[in-house]
Structures are given as structure tokens and as C-alpha cells.
Amino acid sequence: MDPVIKIRVEELTFRYGTRTVLRDVNAVFFEGALTAVVGPSGRGKSTFLMALNRLWEEVPGADARGRVWVRLDGNERLVSDPSFPVTELRRRVAMVFQVPNPLPMSIFKNVAFPLKVMGLRDKAVAAEVVEDALRRAFLWDEVKDRLREDARLLSGGQQQRLCIARALAAQPDVLLLDEPTSSLDARAAGIIEELLLTLKGRCTLVVVSHYLEQVERLADQVYEVADETLQLVS
Ligand SMILES: Nc1ncnc2c1ncn2[C@@H]1O[C@H](COP(=O)(O)OP(=O)(O)OP(=O)(O)O)[C@@H](O)[C@H]1O
């Protein structure tokens, strides 16, 4: 069976003010696969991720042209379609940042946060979803007895897994991860890598990485940002 295209990027051009960072980018991302985006610093890798869920719209002076399609519930949706609520887009195409960004609240509330935004009021269901997300993020055993503690007291690696759990709680179709291990030591990075491998198949993953060995271990497909565009390298 042919792989399903989850995200299709057509003729994407991205500018900050008068400076063009990406030009005429065409790329596809397959459902359930992990695609790595590599390339030297400052070439537009993070910018590219931001184009996939419209995060760039929050950045003054940024402008994206072209089309990004995401397949949701069997239909391709244009992410820039004004009738596509950005909150829904970012729930289904979720971002995990380089530096973990736990909210100033408890571990439990951090993971339950997207459920609250989605209007889920049933506490028992929320508790189940939070536990499931923490288990899938390989964090449950470490935090199950301290769910009411401030999330900012967790280690860097635990905070990153918490942020992944928070994204997973909203059941995203696509997870965008911007150098998710670069602020972590080797052991913590290894746990995140293992976690990403278990997410493959259930979620479409797009991972910006600087580490070639990591990319070789994890990626099904690799794009390199070069000459202001994305080139498929493997
Ligand atoms: N808000 C902004 N305003 C103006 N220019 C920006 C802005 N954000 C990024 N840039 C510029 O756009 C280019 C691409 O930045 P981006 O962060 O996407 O690169 P990157 O490949 O992810 O880099 P790194 O690997 O260092 O994280 C850089 O030259 C950067 O200086």
C-alpha cells in the first residue's frame, strides 16, 4: 500500500520583512513516519516548522506565501483556510520546542491544560487521559506520586517529556519537534529518542535535529535546508 501523505507543502516562500529565508519549498511528509529536517544554523529549519501550523502568524514582520495542506479525518485541509480555526490546527499539528516550556502550574494541570481548552470538564476522564499521556511520554513512573507539584521543579529531560505528554493529551495527528534533545544530557536525550520511536505509526513526526547520528537512528526520511529550500536527501 502506498504511504499516505499527511502534509503537503507547495511553493512555500517565507520572509521576515524584506529578507527571504525560504523560497519555493515543495515537500511531503508521510503519515506515521518520522521525517528529520537538518541543515546548518540559521537556514530556516525552525521557520519551516512554524509554517506548518501557522505559528509564524504571531511573529512581527513574518510572511508566508504558498500552500500547506494537512490530511485530517481523510480530507486534505489548507492550513491557511480562514475557516480552519488556528486553535484546532495547533491542537492537531502540535509543536514541542527546543527549550521545554512547562506552564507555571502543577504537573497534572500542565498535561490537563489542552483538555480544559478543548472544553473537557469530566475530571475522571481527564485523569485517565493525563495518565495515558504521561505513560506514552515515558514519564508516569517518575511523577505519579508528585502530580500536584510545580512542573518547573522537574529536571530538563523530565520537563521535555512533560511537554510531549501535554501535546499528546490533545491527541495530535502531527507532532513538530524543534531540536527536542539539544538542551538535554545524553541520557535524557536517549529517553526522548526512544519515546519518538514508540510514537511513530501513531503520529506523524517532523523533527528538526542537529545530530546526524540521531537522524540516522530515527528518521524514515530526511530533508536538508539548503539554498533557501528543502532538498530530500534520503
Ligand atoms: N523573528 C524574526 N525576525 C527576523 N528574522 C528572523 C526571525 N526569526 C528568525 N529570523 C532569521 O531567519 C533565519 C532562519 O532562522 P531559523 O531560526 O528558522 O533558523 P534555524 O535553521 O532553525 O537555525 P538554528 O539551527 O540556529 O535554530 C535566521 O537568519 C534568523 O536570523
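**Helix contacts and a ligand shell in a predicted model**

Colleague: Which residues of α3 meet which residues of α6?

Modeller: From α3 come Ile107, Asn110, Val111, Phe113, Pro114 and Leu115, and they meet Leu162, Ala165, Arg166 and Ala169 in α6, contact being C-beta atoms, placed from the backbone, within 7 Å. This is a predicted model, in which local features need pLDDT of at least 70, side-chain atom pairs count only at pLDDT 80 or more, and totals for chains, interfaces and linings use all residues. Residues are numbered from 1 along each chain as its sequence is written.

Colleague: Why is α3 called roughly parallel to α6?

Modeller: Helix α3 (residues 107-117) packs against α6 at an angle of about 30°, with the axes 7 Å apart. Angles under 35 degrees count as roughly parallel, over 145 as roughly antiparallel, 65 to 115 as roughly perpendicular and the rest as oblique, so the pair α3 and α6 is roughly parallel.

Colleague: What makes up the contact of α3 with α6 by class?

Modeller: The contact of α3 with α6 has eight nonpolar, one polar and one charged residues (Ala, Val, Leu, Ile, Met, Phe, Trp, Tyr, Cys and Pro count as nonpolar, Asp, Glu, Lys and Arg as charged, and the others, Gly among them, as polar).

Colleague: Why is α3 called roughly perpendicular to α4?

Modeller: Helix α4 (residues 123-136) and α3 pack at an angle of about 115°, their axes being 9 Å apart, and that angle makes α3 roughly perpendicular to α4. In the contact of α3 with α4 there are nine nonpolar, no polar and no charged residues; among those that meet are Phe108 and Ala112 in α3, with Val129 and Val130 in α4.

Colleague: How are α6 and α7 placed relative to each other, roughly parallel or roughly perpendicular?

Modeller: Between helix α6 (residues 156-169) and helix α7 (residues 186-199) the angle is about 20°, with axes 9 Å apart, and α6 and α7 are therefore roughly parallel to each other. Their contact, by class, has five nonpolar, three polar and one charged residues, and it includes Gly156, Gly157 and Arg161 in α6 and Ile191 and Leu195 in α7.

Colleague: Which helix gives the most to the shell around the ligand?

Modeller: Helix α1 (residues 45-52) gives the most, with three residues. The residues around the ligand include Tyr16, Gly42, Lys45, Ser46 and Thr47, each with its C-beta atom, placed from the backbone, within 6 Å of it. The shell divides into three nonpolar, seven polar and two charged residues.

Colleague: How many residues of the protein chain reach a pLDDT of 70 or more?

Modeller: 100% of them do, and the chain's mean pLDDT is 96, on a per-residue confidence scale from 0 to 100; the model also scores ipTM 0.98 and pTM 0.96.

Note on methods
Axes are lines fitted to C-alpha atoms, for helices over the stretch in contact, and angles run from 0 to 180 degrees between N-to-C directions. Helices (H or I, at least four residues) and strands (E, at least two) are DSSP runs, numbered from the N terminus. Two residues are in contact if their C-beta atoms, placed from the backbone, lie within 7 Å. pLDDT is the predictor's confidence in each residue, from 0 to 100.
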